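Colleague: I have a model open and would like to go through it with you. Can you start with the annotation and then move on to the helices?

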Amino acid sequence: MTDIATLPYRDATLPVAERVDDLLSRLSLEEKAGQLTQYFYFGSAGELPADFDIDSVPPEHQAFIRQPQMVEAAIANGTAGSALFVTNAATANRLQRLAVEQTQHGIPLIFGFDVIHGLRTIFPVPIAQAASWNPASIEAAQAVAAREARALGIHWSFAPMIDVARDPRWGRIIEGAGEDPYLGSTVAAAQVRGFQGDLGPERVLATPKHFAGYGAARGGRDYDDAEISDSELRNVYLPPFQAAIDAGAATVMSAYMDLNGVPASGNPWLLTRVLRDEMGFDGFVVSDANAVKSLETQHFAASATDAAARAASSGLDMEMCMFDPAFGTLPDAVAQGLVDEAVLDAAVRRVLEAKFRLGLFERPYVEEGAVEAVLDAPSHRDLAQSAAEQTAVLLKNEAAALPLDAAGLGSIAVIGQLADSKRDTLGPWVFVHDTAETVSIVEGIRARVGDSARVEHAAGAGIPSRVFPSMFDRQDPTVVNTPADYDDDAEIERAVAVAAEADVAVVVVGERQNQIGENASRSSLDLPGRQLEQLQRIAATGTPVVLVVMSGRPLDLRWADANVPAILQAWYPGTRGGDAVAAVLFGDTSPAGRLPFTWPRHVGQVPMVYTHLRTFEPQNQGKRYWDEESTPLYPFGHGLSYASFAYDALRLDRDEIAVGETATVSVDVTNTSGREADEVVQLYIHQRYGTSSRPVRELKGFERVTLAAGETRTVTFDLGPAELRYWSAATRDWVQDPTTLDVWVGGSSTADLAAVLTVAAASDPR
C-alpha cells in the first residue's frame, strides 16, 4: 500500500496547483462528488445512550437522530468534503480524524459555520455595524470573530450577507448593510478583509451571500422570487459582490430564490457568465441549505439527478444539505451524459485549492486546550463595546434631552421587556454565545450610575412571540418569549407607575431578536404588542422620556417622533451592549452612527429609497400620497451628535474633467462644540443628463473622522470613473457620460453644501 505521506500532494513545498493536480488525478467519481458535498452535522452519535430506543421517538424526528451517524459514515468512506454546525473542538478533531486517518487519501474536512456577527464575543448585528460607517471597526470585529471561530476548528464563515435590502419588511435586512450599493460595497470589502486576511491560522474563508438579488424578494416576503431589471441588478445588487470579490473572497453562496424566473442555484448565466467571466471570481460556489434539491421543489429540475447535473453545470461547486445529497447522484449523472466529468474536476479543483490554502493538509486538527483562552479574551469584549458605541444612531434630540446627567438624577425608570433581556440584546444568528456575560441595557445603566441614582426596572407591555419559532430558537434555551399567561394590563400599570415616580424614564421598545432575521418577514412596521400604548401613557405622566429602540429595521415611530424629545436607535448591540448604550445615554461617548437605510413613516411607503429617480414631475416628489407625506421620517445617512459641526469651503481641484479623468473634492469640517466627537462626512452626486436617467442623489464617498473641540479638518474625496460610471439599459453596457454633475457634501443625504463639476467628452487620442 502506498504511503500517502510520500505522494506529491502531501509535499508542502510544491505549488498548490501541482498538489491539486496530483490529488485530483487519484480520486474516483464518487470521491469527487464527496468533495462537493457538505453536510449539516446535528451532534455526536456517541452521545446517545447504548440502550437508546429510537422507535420511542416520533417518526418525523428519527431522521435527525440518525443524521450524525449518516454523516460520520459518509466522512469515513470519503464521500463528504465538508460539515457545518460543528462548534466543539473535540468533535471537530474526532470527525477530522475520520477523514484524515481512515480514508484512502486523507483529505481533511473543511468545517463551516454561520459566524455572522461574532462567535462567543457577540458584536452588534450587521445592519448596526453598517450604521457605524466605519470600515476599520467592521474589519476588526470580523477579525475577532474569525479568531474565535478558528480556535474551535471552524475554517469557513457563511458571511458576510451583502444582499442590498430596500424593503424593511424583509427580516434579513438585519444581516446586511442596508439599501445603498456604495455603503454596502465598502462594508462587504471590510468584512471579507476581517474574516480572511491572508488566510493565516487565525482567519477563515469568507462567503459573500446570497448571489444574487435575494434582498429583492417580492413584498419583503422571505424565500419569494425576485424580479430585477438588468439595470438595477448591475447598479444596485451586484456592486457589493464585486467589492467582496476584489477583496479576495474565497467562496460565494448562491441564493435560494428564482431570479427573473430562473432559480439562482441553477442559473448558468448568473453563476458562470456573470460571476466568473464578468466579475472575475475564481473561488468556489456553495449552495444555500438544500438549494440544489430545492430545484425540484421549484419545478425547475425533474429529479435529484437532474438538479445535481444542472446545478453543477451552471457553476455551483458544493451542495449544502441536511440529509440525502443531490450531488451524491453526480456519478450517475456523468454516466448518463447529463454532466461532463470535467465540470466535476473544475469544481473539485476549486474546493481542494481552498483546503490547501487554509493549510489543512499540514494542520488538520485544532488545539483543544487553547480554545477557552481565545474565547474569553477580555480585549475581544472591549472591542465589542467600542463597536456597539459606534453604531448607535441618535435619531432625535430636542432641547438637548440627551446626554443624561447621572449626578442630577435621583431616580431612573427603565421600562420594557427588551431592557433586561440578555438574549435579545445579542440579536439573532448567534449560537455559541454566553448570555451569563451579556450586559443588558438596565444592567449597563445601573453599572454606569452606581450609587448616584436609583434605577428601577419594569418589564411592562408584553412583546408577542413569533407564532412559528425557528429551529434555532427551539435549540437555544436562552431565547426569551412572553409567557402566554402574561398579564399585560397589570404590567403596563406597574410600568406607568414606576415611570411616574422617576426623574426620567428610559423606555426601551422594539422587536425581539427572533422577530427579525431569516423567515421573519413582517406585514407591518408597528411596534409589536402594546408598546406604543405604554409609551403614550408614560409620556402622559409628565416624566421626561428617552426612547431607546432595539431593532434591526425601521419601525413606525411617527407618534414618538412627534411627542418624545430624544430617540436613540440602539439596534441589537451585542455582548457588551448594555454598557455601550449607557455610555451613549450618559454622554461618555457622542453618538455618531448614521442610518444605512431610509426610515419611512409607515409601512405604506415601502420600499422607499433616497436614490429614487427625479420623475417628470419633480416639484411634487414629496406628495405622492394624498393622505400622507411621501418623505421619510429620517433620511438615509441621518444621525445626530452631542457636538455640532460646520461644513465650509467645498471645492474641486478643477471645474472640468474629461471622461476617464478624476477630480478631487475637498471640504473643511469644523467641530464647533466644546467636546470631542466623531462626524461622518458624506459625499453625494447627481448626474443631470446622460445615456440614462440617474438617481436624484447617490453616495459616492464617506469618511468617519474624530474631531477635537474646535478642530477643523480638511476631508478629500475622489470622483473618477469608478464613481461615475454606471450600467445603462440603453447600451446594455457600462457607460460614463459627458455631463454636468451636482456635488454635495454634508452629514446626511440631505446635505446642501454644493458644487458643480463638468465632465467633458474624452479627448481624441490622435
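**Annotation and fold**

Modeller: The unreviewed UniProt entry annotates residues 679-749 as "domain: Fibronectin type III-like"; positions follow the numbering used here, feature names are shortened, and annotations may be inferred rather than shown by experiment. This is a predicted model, where local features need pLDDT of at least 70 and side-chain atom pairs count only at pLDDT 80 or more, while totals for chains, interfaces and linings use all residues. Residues are numbered from 1 along each chain as its sequence is written, and side-chain values use heavy atoms, with hydrogens and water left out.

Colleague: How much of residues 679-749 is helix and how much strand?

Modeller: The span is 58% strand and 6% helix, and its end C-alpha atoms are 14 Å apart.

Colleague: And how many helices and strands does the chain have?

Modeller: There are 24 helices and 25 strands, taken as DSSP runs (helices H or I, at least four residues; strands E, at least two) and numbered from the N terminus. The radius of gyration of the chain is 27 Å, close to the 27 Å from the globule rule for 766 residues, so the chain is as compact as a globular protein of that length. That radius is taken over C-alpha atoms, and the rule is 2.2 Å times the number of residues to the power 0.38.

Colleague: What does the C-alpha trace span along its principal axes?

Modeller: About 80 × 80 × 50 Å.

Colleague: Helix packing next. At what angle do α20 and α21 cross?

Modeller: Helix α20 (residues 488-500) and helix α21 (residues 531-540) cross at roughly 30 degrees, and their axes come within 9 Å. Axes are lines fitted to C-alpha atoms, for helices over the stretch in contact, with angles from 0 to 180 degrees between N-to-C directions. α20 and α21 are therefore roughly parallel to each other; angles under 35 degrees count as roughly parallel, over 145 as roughly antiparallel, 65 to 115 as roughly perpendicular and the rest as oblique.

Colleague: Which residues make that contact between α20 and α21?

Modeller: From α20, Ile492, Glu493, Ala495, Val496 and Ala499; from α21, Gln534, Arg537 and Ile538. Contact means heavy atoms within 4.5 Å. By class, the contact of α20 with α21 has 5 nonpolar, 1 polar and 2 charged residues. Ala, Val, Leu, Ile, Met, Phe, Trp, Tyr, Cys and Pro count as nonpolar, Asp, Glu, Lys and Arg as charged, and the others, Gly among them, as polar.

Colleague: What about α1 and α14, how do they cross?

Modeller: The axes of α1 (residues 16-25) and α14 (residues 341-357) come within 10 Å and cross at roughly 130 degrees. That makes α1 oblique to α14. Residues in the contact include Val20 and Leu24 of α1 and Leu352 and Phe356 of α14. The contact of α1 with α14 has 8 nonpolar, no polar and 5 charged residues.

Colleague: And where do α18 and α23 stand?

Modeller: Helix α18 (residues 441-449) and helix α23 (residues 577-585) have axes that come within 7 Å and cross at roughly 55 degrees. That makes α18 oblique to α23. Among the contact residues are Gly444 of α18 and Gly578 of α23.

Colleague: What is the phi of His299?

Modeller: His299 has a positive phi of about 55 degrees, although it is not a glycine. His299 lies in the loop between α11 (294-297) and α12 (304-314).
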